[in-house]
Amino acid sequence: MILNLDPKFAPFQNQEEIKFQSFTFSGGEPHIKISPDFDANRKITITHRLNSFNDLGLLCITVDALRRMDVKIIDLFIPYFPAARQDRVMIPGEPLSVKVYADIINAMQLNKVFVFDAHSEVTPALLNNSTVIPNYTFIKEVLNRIGQNVKLISPDGGALKKIYKVSEFLGGVEVVECSKSRDVKTGKLSDFKVYEDDLNGMDCLIVDDICDGGGTFVGLAEELKKKNAGKLYLAVSHGIFNKGFEVLNCFDGIFTTNSFKDFEGESVQVIGLDQLV
């Protein structure tokens with residue numbers, strides 16, 4: 001049985017849904033009332049998109065309510081793991097935010113926790129009973145739409161290990177390695193490099209897990225064009241796009257999932273997670 005805390009996000013089709021009402025008190029606290037007309041002996045899977053601490057709060061009180069209804073087995077599907085990019089302390093005074101979220105979720109003692117395309121190996125290392133769903137079928141669907149004759153572009157060293165696994169899944173699509181520099185104090189990006197002399201007009205698909213402002217991909221697109229790239233495409237599992245899509249107009253196509261939010265009337269092609277999990 002499924003309990004979709006976000007009514008617009010239903011990644012698992014053809015499963016019986018548990019009815020509930022949720023709202024936020026005037027003091028800011030989330031609240032939920034779950035309909036009791038279900039078999040508490042069955043496994044319940046909660047799905048949610050955690051984009052704020054209030055979303056996490058709703059999840060916490062939902063698990064508490066289910067426990068008080070004698071539900072014994074609870075799974076959780078949170079496709080975008082919050083604060084996953086803050087997976088190390090770079091300068092004194094910073095938190096290890098990913099661990100804060102993981103500790104809270106671990107305290108719920110869930111049966112299984114599913115995450116889609118985790119940012120790094122730190123998330124599953126910190127998260128108990130976790131399963132990471134890779135981005136393989138997502139990228140396969142992207143290639144079905146743009147054509148198979150492309151090079152996969154790894155934007156930096158952090159993405160390299162994952163992108164080679166994608167390539168292996170796809171039967172050995174060629175991978176081009178790239179890099180950049182980031183000032184850990186200011187976050188400013190510089191010194192983009194593409195480690196191939198001539199792309200010979202080949203179309204290129206940049207693959208990464210998250211697009212926030214898009215600075216990495218814009219800087220990389222400029223370097224790819226200097227190396228004689230053909231059409232440029234971008235595929236990110238978790239699309240935040242906080243600066244909109246005009247800054248990304250250097251791309252011939254942009255692809256993402258609905259793991260973080262929904263997109264309507266935007267310059268992006270969305271492949272729903274209900275097609276991928």
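Predicted model: local features only at pLDDT ≥ 70, side-chain atom pairs only at ≥ 80, totals over all residues.
Colleague: Why is Arg 49 called buried?

Modeller: The relative accessible area of Arg 49 is 6%, and buried means under 20%, so Arg 49 counts as buried. Arg 49 sits in the loop between E4 and H1, and its C-alpha lies 7.0 Å from that of Asp 6, although the two are 43 residues apart in sequence.

Colleague: Is Ile 146 buried or exposed, and what value decides this?

Modeller: Ile 146 has a relative accessible area of 17%, and because the label buried applies under 20%, Ile 146 is buried. The residue belongs to helix H4, which covers residues 136-146, and its C-alpha is separated by 9.9 Å from that of Lys 231, 85 residues apart along the chain.

Colleague: Why is Lys 231 called partly exposed?

Modeller: Lys 231 has a relative accessibility of 44%; since buried means under 20% and exposed over 50%, with partly exposed in between, Lys 231 counts as partly exposed.

Colleague: Which label does Asn 129 receive for its accessibility, and why?

Modeller: With a relative accessible area of 46%, Asn 129 also lies between 20% and 50%, so the label is partly exposed. Asn 129 is in the loop between helix H3 (122-126) and strand E7 (130-133), and its phi, near 55°, is a positive value in a residue other than glycine.

Colleague: How do you know which elements build the largest nonpolar core?

Modeller: The core has 33 residues, and Leu 59, Leu 66, Phe 81 and Ile 105 touch the most other members. At least two residues of this core come from each of strands E3 (30-34), E4 (44-47), E5 (74-77) and E6 (112-116), and from helices H1 (53-68) and H2 (97-106), while H1 supplies the largest share, six residues.

Colleague: What lines the largest pocket, and which residues lie nearest its centre?

Modeller: The lining consists of 48 residues, with Arg 85, Asp 87, His 119, Asp 156 and Asp 209 nearest the centre, and about 1600 Å³ of space lies in this pocket. Helices H5 (157-169) and H6 (215-226) and strands E9 (175-182) and E11 (203-211) each give two or more residues to the lining, and H5 gives the most, seven. The lining residues divide into 18 charged, 16 nonpolar and 14 polar.

Colleague: How do you know which domains contribute to that lining?

Modeller: The lining of the largest pocket draws at least three residues from each of domain 1 (2-133) and domain 2 (135-275).

Colleague: Which residues does the UniProt domain annotation cover?

Modeller: The unreviewed UniProt entry annotates residues 19-107 as "domain: Ribose-phosphate pyrophosphokinase N-terminal". In the model this span is 29% helix and 20% strand, and its end C-alpha atoms lie 25 Å apart.

Terms used: Residues numbered from 1 in each chain as written. Heavy atoms only, no water. UniProt positions renumbered as here; feature names shortened; annotations may be inferred. Helix = DSSP H or I, 4+ residues; strand = E, 2+ residues; numbered from the N terminus. 1 Å grid on protein atoms, 1.4 Å probe; cavity = no way out; pocket = protein on both sides within 12 Å on 5 of 7 lines; lining within 4 Å. Points joined across faces, edges and corners; volume = space filled by probe spheres on them. Nonpolar A, V, L, I, M, F, W, Y, C, P; charged D, E, K, R; others polar. Domains from an automatic or database assignment. Core = buried A, V, L, I, M, F, W, Y, C linked by side-chain atoms within 4.5 Å. Buried < 20%, exposed > 50% of the residue type's maximum accessible area, 1.4 Å probe, protein only.
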